[in-house]
Each structure stands twice: as C-alpha cells, then as structure tokens.
Amino acid sequence: MAGHVPLSYGSRKTVKKAAEEPLFIRVFLTVVAFIFLFLFLVLPLAAIFIKAFEQGIHVYLAAITEPDALAAIKLTLLVVLLTVPVNALFGIAAAWAITKFDFKGKSLLTTIIDLPFAVSPVIAGLVFVLLFSTHGLFGDLLFANDIKIIFAIPGIVIATLFVTLPFVARELIPLMQSQGSSEEEASLTLGAGGWKTFWLVTLPNIKWGLLYGIILCNARTVGEFGAVSVVSGHIRGLTNTMPLHIEILYNEYQFSAAFAVASLMSILAIVTLIFKNMIEWKANQHG
Amino acid sequence: MSIHIKDVSKSFGSFNALSNITIDIPTGELVALLGPSGSGKTSLLRIIAGLEEADSGVILFGGEDMTRIRTTERKVGFVFQHYALFKHMTVFDNIAYGLRVRPKKERPSKKDIQEKVNELLSLVKLEALADRYPSQLSGGQRQRVALARALAVEPKVLLLDEPFGALDAKVRKDLRRWLRRLHDDFHITSIFVTHDQEEALDVADRIVVMNEGRIEQIGSPEEVYDHPNSPFVYDFLGNVNLFHGRLENGKLLNGQVELDAPGIDSAENRPAVAYVRPHDVMIERESTAKDAVQAKIVHIHVVGRTVHIELKTQGLEQFLEAELTKERYGELGLKVGEDVFVRPNQLKVFIPEDYSI
C-alpha cells in the first residue's frame, strides 16, 4: 500500500521503559554499591582469613584444637542446641496465639516479643545478674538449693534465649497473618482435630518461614556477645563461648589464634547465609 | 438430614450480627441465605458449621442437638468463599484429606480412598488434574476441588459460603447450574450464602432474605420475587421504581395520578410508597386509563434481548425505569425525547414504618 508507514519504527521507542535511568547512572550506582560491599564486607572477611593463616596452618590448627578453644566451641554448640529449639517452639506458639485467636493482652504479648530487639544485650545480661546472682532477687533461694545460674551455663542459655526470642515469632506472625485461618477451618470441617490440623496444614504452610527464622535465630545465638559476656564470668574452659574466647585471645595479643577462631565463626556465618538464600529461593518457588 | 435453627442470636461486641433467627430446612432442600454484606448470613452459616458459637439458640440436625458439638464431629461439608484449598497438597491429596485424617478404626483402606477420590474427580470433571497443585488451577477448577473435598467425607449437610463470589460471570453461571444438578442427584440438605439475588433466584428451592441480622422473608424464589413482604426485599431483589404519594380511598395519589393500592384499606390519608418493577411498567402511546402517567423518554439502552428505557414523568419530574422486550420496543417505535404514557401493571404499596405507629 502506498504511503504505508512501518509501525515498527514508531514502536521502537516504546521498548524503553519510562522508569529506566540512563546507562551511566545505572553503572555508577552499581559500582558504588560494589565498592561499598568490597570495602566493608569482603575486605574484612578476607582479612580474618589472611590473619588467621598468617603464621601457617599449624598455628591455625593448634589455635582451634587447643582445649579452651574446643571447650568454647562445645559450649557454643550446646547453647545453640538448647536455645534454638526452645525459641522455635515459643515462636510457633506465640505466632499461633497472636494470629489465630483473639484474647486479652494480645497487644501486650506482641510488644513483649519485640522487647529484646529494643533493649541493649548488655542490659539484658545485667537484668539476669540482678535476678539470679547471689545478691539478686532470687539469690538466697538459688544459694539455698545450690543452683548456680550466673557465671554458669544456665545463665548463658537464659541470656541467649532472651536476646534471640523474637526471631522465629517475628518471622511467623506476618506470614500466618497473611495466610489467615481458612485452611485450618477447612481442615476442622473435614474432621481433623487441632493436632492433626497443625501437623498436616499449619506446619507445612509455615515451614519455610519457620526455617528462615530458625536460621536467623541460630546465627544470633552463635554470635551473641553482649548479654553472654555479662552473665558468663569468662571462666576459661567452662563459661566461655566462641565470641568470648576470641575476645580473650585478642586481649592477650594472640592475634593469629583469635582470628583462627574468628574464621571458624565466619565460615559458620557464610554457611548460614547460603542456607538462608537457598530457603528464600525455595520459599519463593512455593509461594 | 433436616436442619432446624431455633432462636439463634449472636453479637460481636455491641454489634448484633444475628437476632433471633429461626429457620426450618427439610431434608434435601437447597436454601439460599440472601442479603447484603453485614446482614449476618455468613455468621449464621459459620454457626451452623460450628466454626462460630451462637450466644443463644439451638442448632438441630435431624432433631439432634448440635449446639455443643464441635465442628470436627458435625459432619458438615463446608465450601469456603476463597476455596481454602491446602496449597501444599495436590488436588488428589486435597480431596483425600477428609478420609485420611479419620481415626485408624474408621479410616478406609488406601484402595478405597483411591477409588472414592477418583469417583469424585470424575464427578467434578477434574480427572486429568489430579496431580496439579491448587496454584496451577483456575478459579472455577479450584471451587470444584473444594466441593469434591467437602463431598468426600459424605456430609449430612453441605454449607457453601459465597461459593461463586470470586468467579467471573460465565463460569459462575455454569457452576451454579452444575451445583443445582449435583444437588438434584445427591439430595444433600444444602445451604448457600450469597449476596447475588440472581444466583439465589436461579439455584435455590427456598430463599431466606436477611438484613441487619434479621430474617426479612422466607419463601420460594417466585414468592420472594413476586410478593416481597417489605420494601427491603423489593429493593434487594431486582430494580424497582418508587411512587411516593398519599393514601386515599384505597388509592395512592401521586400528583395527577391515581394508583390502585391493593391490600391496603385501613390506612387513610397517610404517606405511602408504591413499588413497581421495571418490567411491570407498561409504555403506551395513548392514555387508556386514569392511572397512566405522561412521561418523556430520556434514554434508551438496548442490552441483549431487553431494552431499558429511562423516563421522566411530567409534572413530578421523577425518573422511572422500564424494561421492554425487543419486540414490544419495535412495535412501539420509541425514540428519545418522545412523550408516552406509562402505567404500572403490578405494584405493591408499603406504608413507611416511621409513620405507622
């Protein structure tokens, strides 16, 4: 047809999105982000490993197999084993109560869950010293029954529990709120009781959020310093967790040893990150 | 199984969701709870299912008191508005759920469950999609899975909460016809909640019209549509024209017009309102009776086989809506701006409650 104007010339302009920035701005922003990440994350992380292996692999192995270091690693793992399951259970119970039921004191419970985020870990530790030390509120009672909490493992576990309390609950509450209770109600009308409904309907629906919360909780449990430092008493081989052990080594100018243990924690952190990303990816696939 | 709802009341704080609801539903009936949102229809359905507890009143299934029986024991099939399918389970597992969660003694064998689920899959015509997840299905397919899942436990009572509310018009019509046929085959006593009057009129044996937690009218679709007992029901079930006027000698006086007010003789000289459905508004070229009103045609919309005509009455400046068949419209040869005579063919007069002490 004469005078026909090919539409493709005109339509080429529409390919470009209105919100798209010019190339140099995109490159500039990306470069800034990468430089920042490199300076503040990659470089320090690399420094840890460089420092850790500075005096050779033998010093490194000696530093992480020395009895006090092993005791610190074991204690940290013990705290994780005790804290994470308890907080996972608490998180599920609290999220369940807050999202599925109406009751008095609901907003109070929501606020209390957030409290550990708001309070400095050092203060959290001090609170437990005030409660459980020999001069504390329950001091006489504990002394009479020969129970040691402060400067002992129970104190460390309690302080860690407090600090990591919100992680699972905070992850689950918005998730369960958005899911509502209609699937649970459907399960009830089909004859499944509360327990079966929880295992067969609720838990599968929240499993990725739950795992994500557990991983965050785990990372914080391993790395918690402030609150644990206050209640532990820094008794070598007995009440030192990994972060406390690193601090002691560092203060004694044993830099290579300090960085060796730190590198272990860093590996743990990286593994956690990888897990976290895998779970996010999985969750997105299912969501 | 028959359902008897006796004197059920429920309030949420100071809001009365339901007040003194009494309905008797014989075995095998399909009943629609029809009302605007906030009329309490969903609360009533949830109370029947045991998902909500009534403040007072009794629910009986076949004469057996269910008021204190838990949801899990009531053996009701419940279809939720947004399907509430188990997202992490396939269509097959969703339908099998109710059978698999039974206590060991009552649980059918794996083979029996398989057979039962396949039977239901063919009933809802989803055999090919047994291994799909709910997120891979269309709205209509999800609703059919929800129905099959509810039917799997062989409920004595089927409760459906706005079952077609989230579907598009075409699918909705197909599904509700299909539901009607299903009901005719199985004869499960069924109650469904809807705010769509057309749906209720189309599917139900009986309609319970609800408003603000009370029952306005119970009756067959014909009864509630042709003989509404209140202005609310008139208004809610279809479009309506209002003629405001005063009652005198059994007639409603409205400007120059006199309308017969059947069934109202005692109330003299009172303000009253006549309700006339658009398809009961007759349009004529010549004035044939003294209840004919002169009016001017303002708009003409042709929607499929029906023609909607908007008119403005002379003198009163009141807008009216009339519905004609295309044939009648052609016969009259109406045009916008023309003057015609309108006459209500059937009307019902209500005296506003505020005035009737």
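Author: For chain B, UniProt lists residues 3-237 as "domain: ABC transporter" in an unreviewed entry; positions from that record are given in the numbering used here, its feature names are shortened, and its annotations may be inferred rather than shown by experiment. The model is a predicted one, in which local features need pLDDT of at least 70 and side-chain atom pairs count only at pLDDT 80 or more, while totals for chains, interfaces and linings use all residues. Residues are numbered from 1 along each chain as its sequence is written, chains are lettered from A and ligands numbered from 1 in the order in which they are written, and side-chain values use heavy atoms, with hydrogens and water left out.

Over residues 3-237, chain B is 37% helix and 26% strand, and the end C-alpha atoms of this stretch are 25 Å apart; helices (H or I, at least four residues) and strands (E, at least two) are DSSP runs, numbered from the N terminus. A domain assignment, automatic or from a database, divides chain B into domain 1 (3-235) and domain 2 (240-350).

The C-alpha centres of domain 1 and domain 2 of chain B lie 40 Å apart, and 8 residues of domain 1 are in contact with 8 residues of domain 2, contact meaning heavy atoms within 4.5 Å. The area buried between these two domains of chain B is about 780 Å², with carbon and sulfur atoms giving 56% of it; buried area is the accessible area (1.4 Å probe) that two parts lose on being put together, summed over both. On the domain 1 side, Tyr225(B), Pro231(B) and Tyr234(B) lose the most area to domain 2, together 71% of what that side buries.

Between domain 1 and domain 2 of chain B there are 0 salt bridges, a salt bridge being a side-chain nitrogen of Lys or Arg within 4 Å of a carboxyl oxygen of Asp or Glu. Helices α8 (221-226) and α9 (231-236) of chain B each supply at least two residues of the domain 1 side that touches domain 2, and α9(B) gives the most, with 3 residues. The residues of that side divide into 4 nonpolar, 2 polar and 2 charged, where Ala, Val, Leu, Ile, Met, Phe, Trp, Tyr, Cys and Pro count as nonpolar, Asp, Glu, Lys and Arg as charged, and the others, Gly among them, as polar.

Chain B also meets chain A, where 18 residues of chain A are in contact with 21 residues of chain B. About 1,600 Å² is buried between the two chains, carbon and sulfur atoms giving 62%, and Glu183(A), Thr189(A) and Leu190(A) supply 40% of the area that chain A buries against chain B, more than any other three residues. Across this interface the rule finds 2 salt bridges. Side chains of opposite charge can pair when their charged atoms come close. Arg46(B) forms a salt bridge with Glu185(A), the closest N and O atoms being 2.7 Å apart, and the pair crosses from helix α1 (residues 41-49) of chain B to helix α10 of chain A.
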